[in-house]
Amino acid sequence: MVLLQRFQEQHISEPRINDRIRVPEVRLVGPAGEQVGIVRIEDALRLASESDLDLVEVAPQAKPPVAKLMDFGKYKYEAAVKAREARKNQTNTVLKEIRFRLKIDTHDYETKRGHAMRFLGAGDKVKAMIQFRGREQQRPEMGIRLLQKFAEDVAEVGIVESTPRIDGRNMVMVIGPVKNKAEAKAEARRATQRADAKAANEAVKAGTEKVDTTPDKAPMTQSLADLLPDGYSTTASQEAAEEAAAQEVIAAEVAAKEAAAQEIVDREKAIQDKADQEVAAAEAAKAAKAAEKAAAEAPKAPAKAAGAKAAEKPAAAPKPAAAPKPTAAPKPMAMPKPATPKPASKAAPRSTPSRPKPGTSD
């Protein structure tokens, strides 16, 4: 059963060519797509051998089967080229991951932001992840603020696809690119073409400046195109015209982008001017209210001043200065009294022992 399935897959994937077509008649299609009609298989093989082509069965389920005259090797080569171009132009969006801590330094943060800008500019998604350690898990609002700041810093090339969410010990936010990968590749390709065209123009200008244009001497050249007749120079002129047309298209694209950027700048300036006018109007209204309040309080101030003046007491008159007292005349010196001798003091009587009273016992 497995062998039969493999044989059927191989039989379906590879078309039957020449001798492997086992039917009596086929509907024949010419190499340019013209309809020949229903012919016998022998006649179809003879036509293929005469035109040095292959007879390929392109619709085996039809009644009768459809066969076409073609160069099968060229067909396979063109199919491979188309498949390669399709793989080159297909977009495979990759999810890039950027991790940082909650207490990240400014220089490290700028480095991570540069990586994210490069990934988003190339058309890839960015998964920003904050890793919490220890008690940092109790402060998730700090991680939310950091991720919001990160999203604002890369808003030029990316938009937030999923808001910050807790995933275990980590906080995750996904940012998608503004331009998809195909647009980013096309823009990079156009930038390369513009750079190449600019370099070619500069080289042409430098070459024209160095050429000697004296009429008496023929210019020296290493190109064989100058030796050809005039009829053979049409190809070069066509290529120059095509190159000029391509440069005009590129210039038109650049002008359109510059006009769009200028329009955005003008719109932002108008919004800013409107905001400034609103702020100025608010400040003017506030100043008018303050002036009205000051005008209402102005009459009360003189009345208060008058009352304060009336309440003030008149200052007391200064007292006259006291007259100086007359100086007293000096008293006459008293004459010294004669010294009188003091009388001698009498001797104190001696104390006699008291006698006991009668009727008392010691």
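**View 1. Four strands of the predicted model form an open sheet with mixed pairing.** The strand order is β5-β6-β8-β7. Strands are DSSP E runs of at least two residues, helices are H or I runs of at least four, and both are numbered from the N terminus. Two strands pair if DSSP finds at least two bridges between them. β5 and β7 (158-167) are the edge strands, each pairing on one side only. Neighbouring strands are turned by 20° against each other on average, direction ignored. This is a predicted model: local features need pLDDT of at least 70, side-chain atom pairs count only at pLDDT 80 or more, and totals for chains, interfaces and linings use all residues. Residues are numbered from 1 along each chain as its sequence is written, and side-chain values use heavy atoms, without hydrogens and water.

**View 2. β7 and β8 pair in the antiparallel sense.** Seven bridges join them. Ile166 has Met171 of β8 as its bridge partner.

**View 3. α4 packs on the sheet.** α4 touches β5, β6, β7 and β8. Its direction makes about 170° with that of β5. Axes are lines fitted to C-alpha atoms, for helices over the stretch in contact; angles run from 0 to 180 degrees between N-to-C directions.

**View 4. α5 lies across β5, β6, β7 and β8.** α5 runs at about 15° to β8.

**View 5. Ile130 and its contacts.** Contact means heavy atoms within 4.5 Å. Leaving aside neighbours within four places in sequence, the partners of Ile130 include Phe100, Leu102, Leu146, Leu147 and Met171. Gly143, Arg169 and Asn170 are also among them.
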